[in-house]
Amino acid sequence: MPSVNVVNGKQIVVENLGPVERTIRFICRPFAQMWHHRDLIQAILRREVAERFKGSIAGWVWAIVAPLLAIAVYTIAFSGRLDLPPQYIVTGNQNLSYALFILSGIVVFNFWSEMAFRAPMLLHEYVHFIKQTIFPSDMLAVISTLRATLYTVISLGVLIVFQLITTGGLPWTMLLLPLIMIPFIAFLVGMSWFLCAIGAFTRDAGYLMINIVPLFMFATPVFYHQSIFGSPGDILIYINALTGYVDVMRDIMLVGKLPNWQVYAWTLFTSVFTFYFGYWFFDRYRNVIVDVL
Amino acid sequence: MSSSTSSDLVVEAKHLGKAYQLYARRNDWLKQVAFGWATSKPFSKPFPVLRDINLAIQRGESIGFLGRNGCGKSTLLQVICGMTLPSHGELRVTGRIAPVLALGSTFDLELSGRENVMIGGAVLGLKRGEVQRKFSSIAEFAGIGDYMDQPVKHYSMGMRTRLAFSICAHVEAEILVVDEALAVGDAAFQRKCMDWIEGFREHGTLLFVSHAKADVMRLCRRAIWIDDGRIREDGKPVEVVRSYARAMETEPDDMKRFTAV
């Protein structure tokens, strides 16, 4: 079985598969690749995590200080200035409820914005690996998302402790967090595949993201609840896929109820669609990318 | 497809060619993507780097590649390694291939040698446990002592090459591609690498690029001279090296060869 088999610029894979089998193969392939390259993912993830706090003395303390600072700032800045539906007033103190409301949205938004900022430059960061060695460049999106996941989990941990202290308990629905985090991670990996492929061709993708990420902070219900728009704005805002994730997150973290099944179905759809569209797009252009980087 | 003679072929290339698209202005590729379908005149000029390469390499051969700068040697090896796709022709490669092309350039300067060994080994396809098991052997071969735990930014070029070659020597590849990587090592280390390569030839296939004609004659049983993207001569190292050396003296350094047609 040849390891390289190319005819007229096309990779030849000798297989006789029907459309159903080909689809199943395509659906399994990203996961098979991740499993196959698990040791490489681990090695590079270690380097990435070490890099984040390179040369700092406090190191991991910063990962905890950042969300604590955010709690302080949002509690003070938004005290009495938000109009929330009553179910989000989860503590006796309104100001703390606002802080919890905003933070649960911001955790989701920060996770997304870190990936949106970084993904267009991702392949440029690893250009030596891609051009000089035989390197599975599709794993870079997975690795960088895993790194961001780590910091998000730390922020979530701080937030949960804060909530436990201020409200004196946690809703049982918090156990469902993985059911929203895993689709969200898949959504971000897919988005990173798409953005890093575009970013390889033109640096404009990076500049574009720097400009539109701050706009999304206001196009996503982070600092407000979508109900302020009234009909039909409160439905239309779900076109921004992040809205669904923020909404489900708040339902299970703060309110303690199961999310609206339509909203959850929508997040699952955006997740699966983005994941496979991103992978398809990256896979289609991966051989061109090597030559244009 | 698998007749008895072709089963020992590790690399088989037929009419292999590669052309890069050169754009006059930086953003012309965007015009090509947007309007290329509508116009018959492309916005780019093809720049052929490899043309009509026919090559058959048997298991256990050791081949030296000669040629001027920019003649296409490195591109040919990159194509064989599968890093970049050829634009036409056929290519079949069988076996685990390890490029010692420029592993040193992938080192993270802030990380220690030890951490870079873990990453480099993983990039070349070793499992984490395997790298850990072989680590002392890698460190011994590189021979850089306590520098192993220092950041790579404090290394000299020679030390980086030592570490990079040492990692590649431990991946148990079936096809080894060495691309001018050893030039910066000192004589003693070069000798160690040459000895190792000689041992490797007993069970593996070696593709070797060097401007040191003596090394090519010593290590290789076959030499291929690539000129302007074509195979100009393919045969015994002594003869190919001789005609290559003669051509270097008589043919002037023609800078027009970097111009797109």
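View 1. In β8(B), B:Ala223 is the bridge partner of B:Gly64. The model is predicted: local features require pLDDT of at least 70 and side-chain atom pairs count only at pLDDT 80 or more, whereas totals for chains, interfaces and linings use all residues. Residues are numbered from 1 along each chain as its sequence is written, while chains are lettered from A and ligands numbered from 1 in the order in which they are written. Helices (H or I, at least four residues) and strands (E, at least two) are DSSP runs numbered from the N terminus, and two strands pair if DSSP finds at least two bridges between them. Strand β8 (residues 222-227) of chain B runs parallel to β3(B), with 4 bridges joining the two. Strand β7 (residues 205-209) of chain B also pairs with β3(B) in the parallel sense, over 4 bridges; there, B:Val209 stands opposite B:Phe65.

**View 2. Burial of strand β3(B).** A residue is termed buried if 20 or more other C-beta atoms, placed from the backbone, lie within 10 Å of its own, exposed if 12 or fewer do, and partly exposed in between. Strand β3 (residues 62-66) of chain B is largely enclosed by the rest of the structure, because 5 of its 5 residues are buried. B:Ser62, B:Gly64 and B:Leu66 point one way, B:Ile63 and B:Phe65 the other way, and all are buried. In a regular strand, side chains alternate between the two faces of the sheet.

**View 3. The largest nonpolar core.** Such a core is a set of buried Ala, Val, Leu, Ile, Met, Phe, Trp, Tyr and Cys residues joined through C-beta atoms within 7 Å. The largest one holds 133 residues, of which A:Val108, A:Leu188, A:Cys196, B:Ile63, B:Val177, B:Phe208 and B:Ala223 touch the most other members. Helix α4 (residues 94-118) of chain A provides the largest share of this core, 15 residues. Leaving aside residues up to four places away in sequence, B:Phe208 touches B:Ser62, B:Ile63, B:Gly64, B:Phe65, B:Val178, B:Val216, B:Leu219 and B:Cys220; a contact requires C-beta atoms, placed from the backbone, within 7 Å.

View 4. Strand β1 (residues 4-7) of chain A pairs with β4(B) in the antiparallel sense over 4 bridges, and A:Val4 has B:Val93 as its bridge partner. Strand β1 (residues 9-23) of chain B and β4(B) are likewise antiparallel, over 5 bridges; B:Glu12 stands opposite B:Arg92 of β4(B).

**View 5. The contact between chains A and B.** Chain A contributes 25 residues to the contact and chain B 33 residues. On the side of chain B that touches chain A, two or more residues come from each of β4 (88-93), β5 (97-100) and α3 (113-123) of chain B. The largest share, 6 residues, belongs to β4(B).

**View 6. Confidence along chain A.** The pLDDT, the predictor's confidence in each residue from 0 to 100, averages 86 over chain A, and 94% of the residues score at least 70. Among the elements of chain A, strand β2 (residues 10-11) has the lowest mean pLDDT (70) and helix α8 (residues 177-201) the highest (93).

Key: Contact = placed C-beta atoms within 7 Å.
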